Number of protein chains: 2
Amino acid sequence: MKRYKMIVAYDGTNYHGFARQNEAITVQGTIEKAIGKITQEEVLTLGAGRTDAGVHARGQCVTFDSETKVPANRLVKAINSQLPPDIVVQSVEEVGEDFHPRFGAKRKTYRYQIWCGALPDPFTYRYALHYPYKVDEKKMQEAANHMVGEHDFACFCASGSQVKDTVRKIYSIDVKRDGNMIAIDVCGNGFLYNMVRIIIGTLLYVNEGKLSTAEISEIISGKDRKKAGPTVPPQGLTMLEIIYE
Amino acid sequence: MKRYKMIVAYDGTNYHGFARQNEAITVQGTIEKAIGKITQEEVLTLGAGRTDAGVHARGQCVTFDSETKVPANRLVKAINSQLPPDIVVQSVEEVGEDFHPRFGAKRKTYRYQIWCGALPDPFTYRYALHYPYKVDEKKMQEAANHMVGEHDFACFCASGSQVKDTVRKIYSIDVKRDGNMIAIDVCGNGFLYNMVRIIIGTLLYVNEGKLSTAEISEIISGKDRKKAGPTVPPQGLTMLEIIYE
């Protein structure tokens, strides 16, 4: 039995999220069926992170164990031949049996896209929040800088989440503009449930003057979800990259 | 009765082309229904060009006549509120009753996109041809330069087309690369059926060495569709812009 590590890109629009479900079409379920057709085994995969319905990935990491005789360098093409065009395996490599895509991850980077044109855009509505308002990206960057570092981020965790340890480290948040498209890259050692989407909602509150840059540190130290901004919709979010040791 | 000119952008993936059909969902049919809900009239539109199934537009021009009391500057938002997210009206203005979106067009620009990464891309497969080969964009540009000018383009017209006058003027063809994405903009005073897609197929034949740059002029003067390259698939094509007098 060998363990394989895959990097997978997908457009999450047409899936009920990443995580396998019995009654719904998911990214994980679709990938497992495709691998199974190639290896003729019943394959169970592990993902680095469960992306919600509508969330995309360029660098989701997925592992599986198999006794297939197909060499790793042929598996990319073989598995892709069994996948729909909105899920594409980027690479497959053999890894040690102790490799775990979630526990082994050291850094994860997510991108959130905001389309701030006055009108919606038919080519990016699946990949960006339409936010037809003035965006002061410098002000948002300034507020974001107050989030960087190791903190108890209970304020940015979806209420109802069962997780006990809410301390995470954010390495960087970069707010960039290209015309009417704003891209915010958030890199950290791990994220609480909906954390990136609440961070973006909080930065938009700063943009709108509903929160000041100076209040960010108070919100974090207050650990109260209700003091932070709203959870922005899923379609703007993409899991960009996961770094392992 | 007033005539209105709209600029419309759409992702053509989910439509059976632009032109109205009784039994299929089309861009034009969808737009007419949306306008009708706002003006409470049975509206018939005219488009600058019929885009095929899977073809997109950023600057399709659509006209309609109406007695609506809604001011033109409010119609954009009103009509968009009745449209699905893959069709977005960009502007509405009142024009003279002699304005015709097809006959009045002086220049049209189409873009064809080619994704030449080794692997398919789940975010652009609806908008670009996947062509996982080396692309020599300079060679393609050189071949394209031989197509510019006023010529009888019978060689680039889909066989079976009923059109009699096959003389058209191409103002420019620009081949640009951005990483693995090649964008080819073709600007002319009008185009024969499938002309842009056959031009792109011919440029790809040049890229592959199946045709030489020098042969382009011969192909044009020979007026034989069979001597040109293949018709590339629709999804890479976008109607970019139409210029009126």
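**Note on the predicted two-chain model**

1. A:E94 first. At 45% relative accessibility, A:E94 counts as partly exposed. The model is predicted, and every value below is computed from it. The side chain of A:E94 meets that of A:K2 in a salt bridge, 3.9 Å from N to O. The cut-off for a salt bridge is 4 Å, so this pair at 3.9 Å qualifies. A:K2 sits in strand β1 of chain A and A:E94 in strand β4 of chain A, so the bridge ties together parts that are 92 residues apart in sequence. A:K2 has a relative accessible area of 40% and is partly exposed.

2. Salt bridges overall. Side chains of opposite charge can pair when their charged atoms come close. The rule gives 27 salt bridges over all chains. Four of these lie across the interface of chain A and chain B. One crossing pair is B:D11 with A:R126, with the closest N and O atoms 3.4 Å apart.

3. Interface extent. In chain A, 23 residues are in contact with 23 residues of chain B. The two chains bury about 1,800 Å² between them. Carbon and sulfur atoms account for 65% of that area. On the side of chain A, A:L119, A:P122 and A:F123 lose the most area to chain B. Together these three make up 35% of what that side buries.

4. Interface make-up. Four residue pairs, with both members at pLDDT 80 or more, are in polar contact between chain A and chain B. In chain A, β1 (2–10), β3 (56–66), α2 (72–80) and β4 (87–95) each supply at least two residues of the side that touches chain B. β4(A) gives the most, with four residues. By class, the residues on this side of chain A are 14 nonpolar, four polar and five charged.

5. Aromatic pairs. The structure holds 14 of them over all chains. A:Y10 and A:F18 form a stacked pair, 6.2 Å centre to centre with 25° between the planes. A:Y10 is buried at a relative accessible area of 0%. A:F18 is buried too, at 2%. In chain B, B:Y10 and B:F18 are also stacked, at 6.2 Å centre to centre and 25° between the planes. Both B:Y10 and B:F18 are buried.

6. B:E32 and B:R20. These two form a salt bridge, the closest N and O atoms being 2.7 Å apart. B:E32 is in helix α1 (residues 27–39) of chain B, while B:R20 is in the loop between β1 (2–10) and α1. The pair is twelve residues apart and links distant parts of the chain. B:E32 is buried, at a relative accessible area of 9%. B:R20 is partly exposed, at 39%.

7. B:D185 and B:K176. Their side chains meet in a salt bridge, 3.2 Å from N to O. B:D185 counts as buried at 9% relative accessibility. B:K176 counts as partly exposed at 40%. In chain A, a network of salt bridges links A:R111, A:K176 and A:D185.

8. A:T39. This residue is in helix α1 (residues 27–39) of chain A. The cut-off for buried is under 20%, so A:T39 counts as buried at 10% relative accessibility. A polar contact of 3.0 Å joins its side chain to that of A:E41. Leaving aside neighbours within four places in sequence, A:T39 is in contact with A:S66 and A:T68.

Methods. Residues are numbered from 1 along each chain as its sequence is written. Chains are lettered from A and ligands numbered from 1 in the order in which they are written. This is a predicted model: local features need pLDDT of at least 70, side-chain atom pairs count only at pLDDT 80 or more; totals for chains, interfaces and linings use all residues. Side-chain values use heavy atoms; hydrogens and water are left out. Contact means heavy atoms within 4.5 Å. Buried area is the accessible area (1.4 Å probe) that two parts lose on being put together, summed over both. A polar contact is a pair of N or O atoms within 3.5 Å; within protein, one must be able to donate a hydrogen and the other to accept it, and residues adjacent in sequence count only if both atoms are side-chain atoms. Ala, Val, Leu, Ile, Met, Phe, Trp, Tyr, Cys and Pro count as nonpolar, Asp, Glu, Lys and Arg as charged, and the others, Gly among them, as polar. Rings of Phe, Tyr and Trp (its six-membered ring) pair if their centres lie within 6.5 Å; planes under 30 degrees apart count as stacked, over 60 as edge-to-face and the rest as tilted. Buried means under 20% relative accessible area, exposed over 50%, partly exposed in between (1.4 Å probe, protein chains only).
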